[in-house]
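Colleague: Before we discuss this model, I would like to go through the terms used for it and ask what each of them rests on.

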Amino acid sequence: MKNLTNMAASDMQSCIDACAQCHQVCTKMAMIHCLKMGGKHVEPDHFRLMVNCAEICQTSANLQLSGSAFSARLCAVCADICQACADSCRELDGMEECVQACDACASSCRSMAA
């Protein structure tokens, strides 16, 4: 049973790390790259989604760190938002770093939500 507990803790730490990375990348890309690029990069739906993604990732990491009973449910929502953000970023130039971070976070959060 101890191995299963260690594996679960390791999976959770991986998810926390993915959430933290996605939060950082989405915030940086929105505030630096998107604002600089203008045009489609700052259209309200896309820009709002990037900010929402950064915020839900930070909150998801915080709930996991605190051992919240709600973290699995929030991870499911986080996965959906990260996937939507990745899909939106895929349509724009220079957003590869954001796509990778969002895809990784979505995958990790889906695992934690299961």
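Modeller: Gln 64 lies in helix α2 (residues 44-66), where helices are DSSP runs of H or I with at least four residues, strands are runs of E with at least two, and both are numbered from the N terminus. This is a predicted model, in which local features need pLDDT of at least 70 and side-chain atom pairs count only at pLDDT 80 or more, whereas totals for chains, interfaces and linings use all residues. Residues are numbered from 1 along each chain as its sequence is written, and side-chain values use heavy atoms, with hydrogens and water left out.

Colleague: Why is Gln 64 called buried?

Modeller: Buried means under 20% relative accessible area, exposed means over 50%, and partly exposed lies in between, with a 1.4 Å probe and protein chains only. Gln 64 has a relative accessible area of 2%, and therefore counts as buried.

Colleague: Which residues is Gln 64 in contact with, leaving aside its neighbours within four places in sequence?

Modeller: With contact meaning heavy atoms within 4.5 Å, and with those neighbours left aside, the partners of Gln 64 are Met 12, Cys 15, Ile 16, Cys 19, Ser 71, Cys 75 and Met 112. Of these, Ser 71 and Cys 75 are among the buried residues of α3, and Met 112 is among those buried in α4.

Colleague: What makes His 41 buried?

Modeller: His 41 is found in the loop between α1 (2-37) and α2, and its relative accessible area is 6%, so by the cut-off already given it is buried. Leaving aside neighbours within four places in sequence, His 41 is in contact with His 33, Cys 34, His 46, Phe 47, Leu 92, Asp 93 and Met 95. The C-alpha atoms of His 41 and Cys 89 are separated by 8.6 Å, although these residues are 48 residues apart along the chain.

Colleague: What does the radius of gyration say about the protein as a whole?

Modeller: The radius is taken over C-alpha atoms, and the globule rule is 2.2 Å times the number of residues to the power 0.38. For 114 residues a compact globule would have a radius near 13 Å, and the protein has 14 Å, so the two agree.
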